[in-house]
Every structure is written in structure tokens, then in C-alpha cells.
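I opened the notebook to record what I looked up, one entry at a time. The structure comes before the entries.

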Amino acid sequence: MEFEVVRPAAPWRVAYFGACMIRLAACALAVGFVSALPAYAYSTYSLATIQSNGNVVGTAVTDGTPPPGTNMRHTAYATATLTSPKGRRSVNNGQGTNTYTAETILPFDPTDLGTFEEDGIHSAYCPCMGTFINNAGSSASTPLLSLTCGGAVARGVTAICALSGLGSGTVTGWKFTDGTTGGVTVTSSSSATTWSGTAVRSGMVSVSVTGFSSPATPSTGLIVNARSGWAFATAAPNQVSPQTLICNNSVVILPSPPSSGSLEGYSCVNQGSTYNSQTISGGPNSGYTYITSATNTTSYQWEIVPDLTNTTSQFYQAQCGDYKAQSNPNGFISGANLAAQTQRHEIGSIQGHWGEYNNAQNNLGNNVGLVYEGLIAVPGASIGFVVSQSSISTDQSNISTAEKVEPYPINYDQNGAFLGNVNFVPYQKCP
Amino acid sequence: MQTSLALRVATATIVLCALTLHADDKYVLDLTLPTAIVPHPESSFGCGPRLSSGDHGELSLPITPLALEIVNFGKRAYAAGEDLISQIRLVNVGKESIRIPWNPNSDYGNKDCAAGAKDITRASLTASFALVFTGDDGSKRNVPLENLYGRLSTPDTFQVLHPGEAATVKFRERLGLPIVPPDQPLGRRLDLPQDFTVTATYSLDDTSLGNPYVTVNSRNQVKLTVERAPTQQN
């Protein structure tokens, strides 16, 4: 039997008891005897207990016994009100000489499990004083097959599902029902009152109990929250030596010197990742596999044709820098401007391929790290397959597509202003 | 090393045993045999999907010369939770040979995720098979089958399928249809029995290439009835 007893605080009792004693002394004098006042404790309390058949008993006890030797009697009153988790309620009250115990019962209902609350109301009537000594309350509670998994946990943390209020019942097994698929279950024939293990997937945990008037299967939610800090960050742009950039397994060669239609710069995002996984042994998620860590191996590489980094090259020198929107609209961009805008085109945060990649990467809907966090393989399934079938490829494709959108050309600035023509071979002479 | 050798022998045994059943195909891998079962490791390292793309032009994904078809499921109806037996056939309908992984042991998967481009001898092959169950309401549920792995430095772990050649893999997989389809909100339940239209998919990644191959969908589809499990309550 498990129960709690809550005894009311004493001050009011002292006050009422003092008043009673004063009047009792007067009363005693009136009946012709005087004696020293004995020690006396007016007490009330409640109990909530489970019977062997699963019925719950609520008890309210009032003890208003007067001091010994006073040759007096009090009338004790008690009311017991027992309330079930679902709101079933049973009330009993009564009165007795000096003491009274009120009991009330709620029959076992396998669908109405959890914490039962008992509320007691107490008073005692002192005929000598012609008044009630007090009106007091007490309370108690008891769990009946109350199952909890301890609230929400972060994925990968141990959850402890514990059954309390078993009484004389017997645990015959545990079950986990997957909250996502609704179908995959983990079972255990353990007769223990706890079932614990690493939690990675939300769902329902239930425990089978026999031994009461009917079998019961209390259940509760196992709530697993996503871990934080899993978002992948943008890879910083990394300039590689001219003519060494590898993209899609091929070295990208930029024609030198550039010609009309050729590329003066190139950038490539190589998206990739690695992960570690762990299969859980024991508890509600036994057999599930989850990702314990994921690493972003994405690189962003870019290069620029050497003719634009070598300020003495013929191509660089051919960029006359004589463009004037009004007075010389057919003029050429300068070499410095062309080099800067080529870099802007490849890695600028505004009107640059890297910026487009960065924006797409920062869109949480595309974030591969966040996808990894939630990937789970149900028992028997391969986490490798789950990874391969996840939205990671789609997210990568979204990022790649965004990165391919052409920013303003290399002879424009990031605001779209034209900066002059590019002087290709055969070069026109600068004025 | 001993484990590796044992697995190679087991794989060879599997192929030899199954060849008598599927004489038309050059390669047959029977993963329904007990000796073919490779338990998943408790903890593992893996390479995620990869994608390499430059800033110009369309995304370049290689196309496999493979055609995929479901040979059969052994019978027309299965109960949920029952072991589903499926045979899936790969046919090289192209003009070039292709390497396909041929071992269920994930140890042959890629351990150096970027090895392909740097060192082809360390490159690896990974293939994922899946069955796609399309229900009456159009919702789709994926049933993953065993992955196959191969390492280019270990010839026994992969096969080279030349034009016109075919390979069949026979799977045994518990039919654990997700009750909630991945593209639907929770609460949408799976009503059984139900007739499904089943197709297959094949995803192949050869890390010696820049990007994974485009996923192949089966060119045929098969009707399959899924019944309630004998102990299923709802």
C-alpha cells in the first residue's frame, strides 16, 4: 500500500484549543471540580490507499477526544471525498463520539488510472461550550498505476519510464508504439516497474499490469525533442590556385588569355557530409538507430583566370579603363575593376555565387544538418538507407540550384551599373 | 580479415546456390539465405549524399544505363509484418559497362567520403533498393530493402555489368509498411487490407564519379495486396 498523509498545520488548533480550554475550565468550575489541564491533541488527517483488487479507498479521520479526566465528550465529524484522475468522485461523511473515520471507495477502472486525490473535512462539537471547535481540511493522494516517462527529453538522452502505484498488481510487459509511423513497436517482457533507455523517437509507452479485478494497460507519451546546434554553417569561399579547381571530379580550366564567351572565373560548391550513428540497446527505443553526430564537409572553391591576377599581363593591360557612361559609352572597363567584379561575381555576398549559396544554406528548410538531427532508422532498418532516402539530396539540389543563378556579369557592379566593355583578343589599343 | 574472407566465401556461395534458380541472368544474389544476413553494426560511420556543382550550366548527374524491373513477389498477397520476398532485376540496356555493388556488408561502403576523386582505388559503390507502395488514395510508402556495397579495390564486392547483361537480387524484408506515409500529416491511418501498386527504385553512387547516378525507377509495376497482421487490432 502506498499513501501519503498530510496533517494540517497546528496554529488554528492551538487557538481553538485555547479557547476551548478557557471555556472548558469555566465549565469545569461550574460542575464543581478543578484539576490541572492535561496534554491534549486534536488531530485530523486523510489517507488514500489501494486495495488488493485495485479499488481506491479515501479516508478522513477526525479525533476530537477531550482531555482525559474531564469527563466530557465531543462529537467528531468527518467527510471524505475521493476524486479519480478522470473526475469520478465518491463522498462519505458521518459523525461519532470523540472520533470519526469516514471512508469512501472508487472501484477499479482500468481506464481511469493515475493520481487519486482524497480531501477530508473535519470538525468537532464541544457541548460544554456549545460550539464547534473548528472546521478543518486535510488531503492525501495516491498513485494508481501511474506511468510517466519524466517529461520531454532531448534526442539521445536517457528516458526513464516509471510505474508507481502498482499496489499488489504485477507487471507483465512493456510496449512502445512509434509516434511517427504509428506501427513499429518495441516490446519487453520485463516485470520491472521501470523501463529506461536512450530516447530518440516520440511515441506512446504502455505497461501491462495484472492482479487487479481486471487487466490494465496504463500508457503515457514519450516525448523526444530535437537537439540544438545541428544546423550546418556555410562554407567559407576558398580561392585555389589558377587551373586547379576540381568540380564534379574534373579540373576546371579557364582559357588564358580569356576570349569572348570564355570564363574569367569559376566557383564550385562540393556538398558533402559524414555522420556517425548508434543503435540503441534497451528501453522503449531499443533497436532504433539515430545519428549521433554529423559533420559538414562541404567546400566552396573558386578561382580566377591568372590574367586578372597578373597586373602585367597583356589581357589586364588591355583593359583601358576609359569607359564613361556619357562621354565614352563604348570604352573599356579597367583591369582592377574587372578583377574586382570577377571576384564579386564568384564570391560576393551580394550579386555573387557564394552569396547565393550562403543565402540558400541559411534557409533552414535546406539545412542538411537539421535533417540529420531527425533521421531515425526503425529496428532492423539501415540508417544508411534512411540517410540516402532522406531530403538531404533535395536540399543539396536546392542549394546548388540557388548557387547557379547568374549574378550581374563581371563588367557590372553589384548594383547592376555597367562599368565598360571587356577588351578581348584581338585587343583594341587603349587611347 | 577473416571476417572479410568469410563474407566473400559466403557471397560466392550465395551466388552459386542461386544461379541454379536464375540461369538467365549473369549475376544472381540471393539475400534470403541465412548466410547472406549481415547484421547492422551498433555504431557506424557513414558518408552522406554528395553533390558537386559549379556555377555555370545545368547540374550534371550521370545517368545509369540500367533498367530496373520487379521480377515477382512470390505471391499476390502478404500480411503486414510478414517477410516479403522480392526479386528485382537490373539490365544493362546501354552501350557501356557499369559497375554495380554486390555485397550487403556495409564495411565495403565508403569510409573516406571524398576518396573517389583523390584515389580511385579507395572509391566505393553503394546501391539502395526500395519498393514504393502506392495506395488507393495515391499516398506512397517506401519499404527499404538491403543496401549493397562494393569497393573498387576489392573485386569480389562488385560486378561489372556489360551491355545486355542482367543481374537479379532476391530480398527478404519484413513488410513493415509505415502507417503514416512520409508525405502525409500524422493521423492519416493505413487501412488494411488494401491493394497497392508497387514499383521499385535503385539509387547508385560510385564515388569515383563526380556525383551519384540519377535514381532509376522500375519500368514495371506489380499489384500486391497487403492484409492485416493476424494480431493487428486496428
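Entry 1, a pair across the chains. I began with N270(A) and looked up its bridge partner in β3(B), which is S52(B). The model is a predicted one. I then looked at the strands around this bridge. Strand β20 of chain A, residues 265-271, pairs with β3(B) in the antiparallel sense, over four bridges. I noted a general point here: strands of a sheet pair through backbone hydrogen bonds, either parallel or antiparallel.

Entry 2, the contact between the chains. I looked up how many residues take part: 45 come from chain A and 37 from chain B. On the side of chain B that touches chain A, the elements giving two or more residues are β2 (43-47), β3 (51-54), β8 (124-134) and β9 (140-151) of chain B. Of that side, β2(B) gives the most, with five residues. I also sorted the residues of this side by kind, and they divide into 19 polar, 14 nonpolar and four charged.

I found 14 strands and two helices in chain B. The chain has 234 residues, and 42% of them count as buried. I then looked up contacts in chain B with a separation of 6 or more, and 75% of these are between residues 24 or more positions apart.

Entry 4, a sheet in chain A. Which order do the strands of the open sheet of four have? I read it as β12-β11-β14-β15 (chain A), and the pairing is antiparallel. The edge strands of chain A are β12 (185-188) and β15 (219-222), since each pairs on one side only. From one strand to the next, the twist averages 20 degrees. Inside the sheet I followed β11 (residues 170-178) and β14 (residues 203-210) of chain A, which pair in the antiparallel sense over eight bridges. One partner I looked up was that of D178(A), and in β14(A) it is G203(A).

The largest has 66 residues, and V56(A), A78(A), V205(A) and L222(A) have the most contacts inside it. Strand β3 of chain A, residues 75-83, gives the most to this core, with five residues. Another core, of 37 residues, lies apart from it, and V28(B), I88(B), A167(B) and A200(B) are among its members. I went back to V56(A) and listed what it touches, leaving out residues up to four places away in sequence: A48(A), I50(A), L82(A), I105(A), L106(A), F116(A), T142(A) and L144(A). In soluble globular proteins, nonpolar side chains tend to be buried together.

How values were computed: Residues numbered from 1 in each chain as written. Chains lettered and ligands numbered in written order. Predicted model: local features only at pLDDT ≥ 70, side-chain atom pairs only at ≥ 80, totals over all residues. Buried ≥ 20, exposed ≤ 12 C-beta atoms within 10 Å, placed from the backbone. Contact = placed C-beta atoms within 7 Å. Pairing = 2+ DSSP bridges. Axes fitted to C-alpha atoms, helices over the stretch in contact; angles between N-to-C directions. Core = buried A, V, L, I, M, F, W, Y, C linked by C-beta atoms within 7 Å. Nonpolar A, V, L, I, M, F, W, Y, C, P; charged D, E, K, R; others polar.
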